[in-house]
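Please keep the sequence and the structure in view while reading.

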Amino acid sequence: MEHVDTAHMMAALELAEKGRGYTSPNPMVGALIVKNNQVVGRGYHHGAGLAHAEVNAIADAGKEARGATMYVTLEPCNHHGRTPPCTQAVIESGISKVVIAMADPNPKVAGGGSAVLKENGIEVITGVCEHAAQKLNAFFIKHSQTGLPYVILKCASTLDGKIATQTGDSKWITGTAARRHVHNLRHAVDAILVGVDTVKSDNPSLTTRLDDIRGKDPLRIILDTRLSIPEDAWIIQKEQAPGTVLVTGPITDTKAKERLCQKGVTLIEAPTTDGLIDPCSLMEILGKRNITSILIEGGSRVSASVLRAGVVDRICFFYAPKILAGDGIPICRGPGPEKMASAINVANIEIRQFDNDILIEGDIV
């Protein structure tokens, strides 16, 4: 029976994946209802404020839910939020058994949903495909448990570790397939973060552009300690401005502040260390604003700063089969450790190929 439970839960996880990019700050959740070895109901969470996966699956199953087994990727909630508790819907549907991949990561409510189901005579099994479920909702888990966003650091470099030439030219290091994957990452996260030097050199849009779906644009966060961003930069044009945040240090230029605010830009003042925005303090500020995930795309001083501060959870480093064989802008710039023993370690390595480009992913440990 174990392999059957695994197969059904993997199908529920595939349903949950359909919500990627749309559910934050809620988790991605999928639910499958099975009766007499036949799938009679499917559902997933489409977006925050909308019906949860369990409710959608029960609606899909209708009367067939009575006496059936539900496979759900996250413990059903037992509290009122923007929607009623899912445990109530499960109990009222007549479902007799619930198989759960992972418990709710919020320590204040973990186990509560399972307990209520058991109290109402429903058989509960937990931990089926638990690791896969945890990986799926890594953003939600970290924010639920720490109040901090999950941080991914992405870069694209030549084989000799350069993200741009000595003149700052970086278009394009990687090919079309690799860049498409980056847009999938942008779609998945709440926010994208770069330093103001990147804005000055590239004038990027920092939007999501996908062919197969209507991608979700992330909130754009620019680190600009001295408020030096060009006022004609693409990301602060009035029609594009509502999704842009400038993070500054203490600023006395009130006129510049007013001009930017009139363009729709949000300004956040954050503590600085050695003239740079302090990453740890910034993550606390952003976490309190319900930002659960951030994709950092550089430049080199920003990448070095966030790595040294220990706020990065995962790296996505693309390497193109190109060599500058000379001066250029490195992946990280700034003071580094004196001994190799002090290097930052990366675990759980995954290697993928996009045409001729190689992506190395892993978790910071």
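The sections below take up the basis of the description, the whole chain, an open sheet and a helix.

## Basis

The model is predicted, and local features need pLDDT of at least 70, side-chain atom pairs count only at pLDDT 80 or more, while totals for chains, interfaces and linings use all residues. Residues are numbered from 1 along each chain as its sequence is written, and side-chain values use heavy atoms, with hydrogens and water left out.

## The chain as a whole

The chain has 11 helices and 18 strands, where helices (H or I, at least four residues) and strands (E, at least two) are DSSP runs numbered from the N terminus. Its C-alpha atoms fill a box of roughly 65 × 45 × 40 Å along the principal axes. The radius of gyration is 23 Å, which agrees with the value near 21 Å that a compact globule of 365 residues would have; the radius is taken over C-alpha atoms, and the globule rule is 2.2 Å times the number of residues to the power 0.38.

Of the 365 residues, 49% count as buried, meaning under 20% relative accessible area with a 1.4 Å probe, protein chains only. Among contacts (heavy atoms within 4.5 Å) between residues at least 6 apart in sequence, 70% join residues at least 24 apart.

## An open sheet of five strands

An open sheet with mixed pairing has the strand order E2-E1-E3-E4-E5, two strands being paired if DSSP finds at least two bridges between them. Strands E2 (38-44) and E5 (123-126) stand at the edges with a single partner strand each, so one side of each is left without a neighbour in the sheet. From one strand to the next, the twist averages 15 degrees; axes are lines fitted to C-alpha atoms, for helices over the stretch in contact, and angles run from 0 to 180 degrees between N-to-C directions.

Strand E1 (residues 30-35) runs antiparallel to E2 and is joined to it by 6 bridges, and Gly30 has Tyr44 as its bridge partner in E2. Helix H2 (residues 53-61) lies across E1, E2 and strand E3 (69-72), at about 140 degrees to E2, whereas helix H4 (residues 112-119) lies across strand E4 (97-100) and E5, at about 150 degrees to E5.

## Helix H6 and Lys142

The buried residues of helix H6 (residues 138-146) are Ala138, Phe139, Phe140, Ile141, Lys142 and His143, and their cover includes helix H7 (176-188) and strand E6 (150-157). Lys142 counts as buried because its relative accessibility is 18%. Leaving aside residues up to four places away in sequence, Lys142 touches Gly147, Leu148, Pro149, Tyr150, Val311 and Asp313.

Notes. Buried < 20%, exposed > 50% of the residue type's maximum accessible area, 1.4 Å probe, protein only.
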